[in-house]
Amino acid sequence: MASDTCDLLIVGAGINGAGIARDAALRGLDVVVCERGDIAGATSSASTKLIHGGLRYLEQGAFALVRESLREREVLGRIAAHLVRPQRFIVPHTGERPPWLLALGLTFYDWLAGNSTLPRSERLAHGSPPLGKLRRPVPGAHAYYDLQVDDARLTLTNLLDAQALGARVLTRCALRQVVAVPRGWRCLLGGRGGEHEIMARCVVNVAGPWMPEVEALRGAQSPTRLRLVQGTHIIVPRLHDGDDAWLLQQADRRVVFAIPWGERFHLVGTTETELTSTGALGVTAAERSYLLGTLTRVFDVAVGEADIRHEFCGMRPLIGGTGSARTASREYRVNLKQDAQGRGWMSVQGGKLTTYRRLAETAVDRLSGLFGNSNACTTAQRPLPGSDGMSAGGRVELTRRLALRWPGIAADWLHALTARHGAVAERLVKEAVDEGGPGRDFGGGLHEAEVRWCARHEWAREADDVLWRRTRCGLEMTAVQRAEFSAWWNSQRTA
Ligand SMILES: Cc1cc2nc3c(=O)[nH]c(=O)nc-3n(C[C@H](O)[C@H](O)[C@H](O)COP(=O)(O)OP(=O)(O)OC[C@H]3O[C@@H](n4cnc5c(N)ncnc54)[C@H](O)[C@@H]3O)c2cc1C
């Protein structure tokens, strides 16, 4: 069994664990991350994929959360430039909220966003072009902007940076046992990633919905009650042409998003289904019919179960409350317990993808006392790997440069690689060319050279890691192509 020591053992490689690992490593702490499945294998790849203030949280009076989120939207637009893109949302006036209320909310949203690089909201008159896509005429609409993000790659990219700064990342490796020892914790980790014993000064429990289970390993209870709320998304063929996304108001005051996803699909979600345990996670027939029903009510399209190309669900571990899940807080809590022997245990609850960097900053600030570390947080200034020079047309310029350097490589592939890997695509293509070219074409834009890259440099261990999280090529492939790829992947592992 491998044995090791560290300052921080971070349990969970979702966005929050990845963000804390990056921040702590950047401030000079010795970090190990353990993840029992794949990086972003749980909630952090099952989100609506928005970096947003959350217009609907204004209705709940969560102004501080919305303001913090909108500030983070600007920061992520800068440091994760290759993974985010501006997205316009249309909110048709369908009667659930009066147009004056929407106008007021959006004016406030713009104001909270301060000096944003995104355009401000606007009112669209009856008959404006995007409204022609709707089944029934509406008197008007509002339009506003947020950012769309690849949630799984955002998580991965934080860990790539953490690793470049010295952090060790163990995937398929769960925390199984914790024993208090003088000045720290003896932690036993295991799984397909091997058995490890780690002596850690502080454990950071950032296991999301499984946080109470990790607390239980040291005989403690979760500091506050978590409510588990499932959210489901479906992916269907494009409902219409054009690049606008929709925020569709529901009679129950919830909202459903329909967002263009790649060139050929719409991502539609989400639902809010209370769960009694983590084991109950799974898309239900009622959720499918709720989302499909919304689409057929609003758009002039016939879309049914057979049109669902992909579906996924995640769990929000919301903090407390007994009312509707819609109104439960999306804020986060960071608790640090430190004892006289210098042992630390941190538990993280709640949060949003959008605010992960601030959550990490708060967490590592709190740890400064434990480690006597006064280094300031610099994660807002340091670009994530691949995003250097990627804003304002940088990606187009990079793709053009790669095409000039390697004229024999298909432009489509270069375009896809720069979208996923940003500036790192140049190293990937060089490695591919040095080893004989893009290699086998698995369909859906996936080539052997990129698969090799994901396995060598991005901790991909299973076929699904590549199909659904390192790339989204699984969506573009047929079921037969996916099965062929999985068979090839397994044959490589056993060869
Ligand atoms: C349906 C839905 C839509 C959402 N949409 C958005 C959105 O558009 N924008 C936004 O800002 N936020 C959104 N969110 C919120 C956001 O996705 C979450 O806040 C975020 O992903 C939580 O990340 P996390 O790291 O805390 O948890 P997770 O991503 O769940 O990660 C926890 C990890 O811990 C691991 N783990 C558990 N136990 C162990 C153990 N014993 N040992 C090792 N590892 C362990 C798990 O395998 C898991 O990978 C959405 C959430 C949901 C559910």
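## Exercises on helices, domains and a ligand shell

Buried means 20 or more other C-beta atoms (placed from the backbone) within 10 Å of the residue's own, exposed 12 or fewer, and partly exposed in between. The model is predicted: local features need pLDDT of at least 70 and side-chain atom pairs 80 or more, while totals for chains, interfaces and linings use all residues. Residues are numbered from 1 along each chain as its sequence is written.

**Exercise 1.** Work out which residues of α9 are buried, and what they pack against.

*Solution.* 
1. Locate the helix: α9 covers residues 394–405, twelve in number. Helices (H or I, at least four residues) and strands (E, at least two) are DSSP runs numbered from the N terminus.
2. Check its length: from first to last C-alpha α9 reaches 16 Å, close to the expected 16 Å. The expected span is 1.5 Å times one less than the number of residues.
3. List the buried residues of α9: R395, L398 and L402. They lie on the same side of α9 because they cover an arc of only 60 degrees around the axis, taken over directions from the axis to the C-beta atoms.
4. Find the partners: these buried residues pack against α10 (411–421) and α11 (425–434). Contact requires C-beta atoms, placed from the backbone, within 7 Å.

**Exercise 2.** Describe α8, its surroundings and the residue that follows it.

*Solution.* 
1. α8 (356–371) has 16 residues and reaches 22 Å between its first and last C-alpha, close to the 22 Å expected.
2. Its buried residues include Y356, R357, R358, E361 and F371.
3. The buried residues of α8 pack against several elements, among them β1 (2–11), α3 (63–79) and β10 (196–205).
4. After α8 comes G372, with a positive phi near 55 degrees.

**Exercise 3.** State how domain 1 meets domain 3, and which domains supply the ligand shell.

*Solution.* 
1. Domain 1 is 2–43 + 153–224 + 329–371 and domain 3 is 226–319; the bounds come from an automatic or database assignment.
2. The centres of the two domains, taken over C-alpha atoms, are separated by 31 Å.
3. In contact are 14 residues of domain 1 and eight of domain 3. On the domain 1 side, α6 (211–217) and β18 (344–350) each supply at least two residues.
4. Domain 1 and domain 3 each give at least three residues to the ligand shell.
5. Within that shell, α1 (15–26), β8 (174–181) and β16 (310–319) each supply at least two residues.

How values were computed
Two residues are in contact if their C-beta atoms, placed from the backbone, lie within 7 Å.
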